[in-house]
Amino acid sequence: PPVMLVELLFRAACVSLFLPGGQGRVYPARKKPANFAVERRRVGPHVCFSGFGSGCCPGWMPTPGSGQCTLPLCSFGCGSGLCIAPNLCSCPDGEQGITCPEPPGTCGEYGCDLSCNHGGCQEVARVCPLGFSMVETANGVRCTDIDECLSAACEGLCVNTEGGFVCECGPGMQLSADRHSCQDTDECLATPCQHRCKNSVGSYRCSCRPGYHLHGNRHSCV
């Protein structure tokens, strides 16, 4: 038995010669590049290097604007809290954890939409679309269309639509580029008269050359 013990100790000593950091130092540990510390300070904290360059270490992402890896990531979301470190949330109640408890729902009948950012997602109460207002009815709260024509500044006729309104102009007039005011249409451009045409605001008038008189249809010359 003592011989076996001596043999085991001898083998252990031999193995230690070939292990990194062993007493024999047959294979010395690989040294880091001389510029590693300088490069790390220049780029910023939480930067990991590989054979393909540098990037953010796990749990971090670049901050918009600076591009430095200073924005923590919380995989489970922080709800109404704030992500202060990788998978570490600071919650409104002062507690810290990998996530924050969701506050009681305050969305009412319309439900909720999710508003998400780097710290997680939180519920936001839905509101009525643009052009609608919330009105209480016998069946509960509903979104009803707003009649914009009650306050719209249309030069011509105002037509209420679902969620909006449109302005319309009378005969001989057309809607301007501002979609509110009206401008005259030059009907003479379409040559409605056989001989001569004179445009007027909202209308036009035909006339004939000497030796002709205007037909009863007010367009042809006889």
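This is a predicted model: local features need pLDDT of at least 70, side-chain atom pairs count only at pLDDT 80 or more; totals for chains, interfaces and linings use all residues.
A residue counts as buried here when its relative accessible area is under 20%.

Let's start with where H195 sits: it belongs to the loop between β15 (182-184) and β16 (196-200). Is H195 buried or exposed? Its relative accessible area is 18%, and because the limit for buried is under 20%, H195 counts as buried.

What does H195 touch, leaving aside residues up to four places away in sequence? The list reads S207, C208, R209, Y212 and C221. R209 turns up again in a polar contact: the H195 side chain reaches the backbone nitrogen of R209 at 3.2 Å.

**The annotated stretch**

The UniProt record, an unreviewed entry, puts a "domain: EGF-like" annotation on residues 184-218. Between the end C-alpha atoms of residues 184-218 there are 21 Å. As for its make-up, the span is 31% strand and 0% helix.

Now for another part of the model. Here 3 strands make an open sheet, ordered β5-β6-β7, with antiparallel pairing. β5 and β7 each have a single partner strand, so each stands at an edge with one side left without a neighbour in the sheet.

| Strand | Residues |
|---|---|
| β5 | 82-85 |
| β6 | 88-90 |
| β7 | 96-97 |

How many bridges join β5 to β6? There are 3, and the two strands run antiparallel. Looking at individual residues, L82 has S90 in β6 as its bridge partner.

How values were computed. Residues are numbered from 1 along each chain as its sequence is written. Side-chain values use heavy atoms; hydrogens and water are left out. UniProt positions are given in the numbering used here, feature names are shortened, and annotations may be inferred rather than shown by experiment. Helices (H or I, at least four residues) and strands (E, at least two) are DSSP runs, numbered from the N terminus. Two strands pair if DSSP finds at least two bridges between them. Buried means under 20% relative accessible area, exposed over 50%, partly exposed in between (1.4 Å probe, protein chains only). A polar contact is a pair of N or O atoms within 3.5 Å; within protein, one must be able to donate a hydrogen and the other to accept it, and residues adjacent in sequence count only if both atoms are side-chain atoms. Contact means heavy atoms within 4.5 Å.
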